[in-house]
Amino acid sequence: MTLIDSLRAEARAAPESGIVAVVNYGRLRDGLIPLWAGEGDLPTPAFISDAAARGLSNGETFYTWQKGIPDLRQALARYYARHFARTFPEEQFIVTGSGMHAIQLALDALAGAGDEVIYLSPAWPNFDAAAAISGAVPVPVTLDNSGNGWSCDVEKIAAAITPRTRALFINTPSNPTGWTADHETLQAILDLARAKNLWIIADEIYSLFHYGHGRAPSFLDIATAEDRILFVNSFSKNWAMTGWRVGWIKTHPSLQQVFENLIQYSNSGVAQFMQRGAIAALDEGDAFVAEQVERARKARDLVCGILGATGRARFTVPQGAFYLFFAVDGITDSRSAAFEIVDKANVGLAPGTAFGPGGEAFLRLCFHRRLDQIEEAAHRLAKWMKTV
């Protein structure tokens, strides 16, 4: 038996990220415009970094509250009061070591070996993989894609439920499609979860990156205090903090001790000085977020205009998040296409194959960057399309 054969089957089966494979292939190319990762191009703003630096200078480098310092949990309550017009006590918030950590803790709490967790596909690949590594069975339900854009057929979710189903993972606004659930769809999903006694893991990380009027619709608009919903979120996207790895869970206060225990036995808490930066993000960052959303809106419209003018690209203008998920006429293998685009257009995109069922023919472009880079990348892609 080899060393690798002695590992857990779930660990051996963990897939290489289809996104990272392309990144590793093209990251050192001179002049490449990298639009493959889910992040913007701005560093964390100074008002956040300075707050963290002050915490570091003040010696906030010791073990701290497992569930997050009270100041940060209170700041989260203020954030929800401003943006969701709901009042929640600090006991409903648990600080995690990234949004991914929040998802892993939610899975740890809800799904064990053989349990099924339904998610909407195409989807950010980390949820599917994390569920499988935990021993659970991820069950994809594909979003519908038509001339009217992406949509969710709740009857398809209902048909996928079995006696082993424990939870529904709902990401809206969606990475990668930009699909954004309306209140009617959210209500239908919530009604189904209630009827079947299922949990919802609500990933609303892009709720402020919404191109309608104000933030995107949320389960918080329709849920009661006793609904079985875990909200997972991150500081990464809104406040340009992807490298910080700080997130949170919003949950029922009766579950606080459970999640505090899970944190104890995973990362044992987030560094206190980093939490100082997170407080500054929440309390001082609304204007920064609004600027980023408007910047992304302009970039979205620019890239959609250029690629749409080719007559070769098929896409729905995204309602939320900051990705264009597009197909190119004649291209069916998006993985091979992504490598070819690196070679011939010097643009880095994520292949739709990385996002599961329903994404195979698509490519994901992150447009949350400077307008001049987005314009140049779009023109390079348009030129490449003429050759295929």
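Trainee: Which strands does helix H9 lie across?
Mentor: Helix H9, residues 256–264, lies across S2, strand S9 (229–234) and strand S10 (247–250). Its direction is at about 10 degrees to S2. Keep in mind that this is a predicted model.

Trainee: Okay, and what's the strand order in the sheet?
Mentor: The order is S2-S10-S9-S8-S7-S3-S4, an open sheet of seven strands with mixed pairing. Strand S2 (93–96) and strand S4 (137–142) each have a single partner strand, so one side of each has no neighbour in the sheet. From one strand to the next, the twist averages 25 degrees.

Trainee: How many bridges join S3 to S7?
Mentor: Four bridges do, between residues 116–121 of S3 and residues 165–171 of S7, and the two strands run parallel. If you want a spot to look at, tyrosine 119 stands opposite phenylalanine 169 in S7.

Trainee: Switching to helices: at what angle do H5 and H6 pack?
Mentor: Helix H5 (residues 99–110) and helix H6 (residues 125–133) pack at about 40 degrees, and their axes are 10 Å apart. The crossing is right-handed.

Trainee: And which residues make that contact?
Mentor: From H5 you have Met100, Ile103 and Leu107, and from H6 Asn126, Phe127, Ala130 and Ala131. Six of the contact residues are nonpolar, one is polar and none is charged.

Trainee: What about phi at serine 98?
Mentor: Phi there is near 110 degrees, a positive value in a residue other than glycine. Serine 98 lies in the loop between S2 and H5, and at 4% relative accessibility serine 98 counts as buried. Alanine 240 also has a positive phi, about 55 degrees; you'll find alanine 240 in the loop between S9 and S10.

Trainee: Last one: is glutamine 272 buried or exposed?
Mentor: Glutamine 272 is buried, because its relative accessible area of 16% is under the 20% cut-off. Glutamine 272 belongs to helix H10 (residues 272–284), and its side chain makes a polar contact of 3.0 Å with the side chain of glutamate 60. Leaving out residues up to four places away in sequence, glutamine 272 touches Glu60, Thr64 and Ile69.

Definitions and conventions: Residues are numbered from 1 along each chain as its sequence is written. This is a predicted model: local features need pLDDT of at least 70, side-chain atom pairs count only at pLDDT 80 or more; totals for chains, interfaces and linings use all residues. Side-chain values use heavy atoms; hydrogens and water are left out. Two strands pair if DSSP finds at least two bridges between them. Axes are lines fitted to C-alpha atoms, for helices over the stretch in contact, and angles run from 0 to 180 degrees between N-to-C directions. Contact means heavy atoms within 4.5 Å. Buried means under 20% relative accessible area, exposed over 50%, partly exposed in between (1.4 Å probe, protein chains only). A polar contact is a pair of N or O atoms within 3.5 Å; within protein, one must be able to donate a hydrogen and the other to accept it, and residues adjacent in sequence count only if both atoms are side-chain atoms. A crossing is left-handed if the near helix is turned anticlockwise from the far one by less than a right angle, and right-handed if clockwise. Ala, Val, Leu, Ile, Met, Phe, Trp, Tyr, Cys and Pro count as nonpolar, Asp, Glu, Lys and Arg as charged, and the others, Gly among them, as polar.
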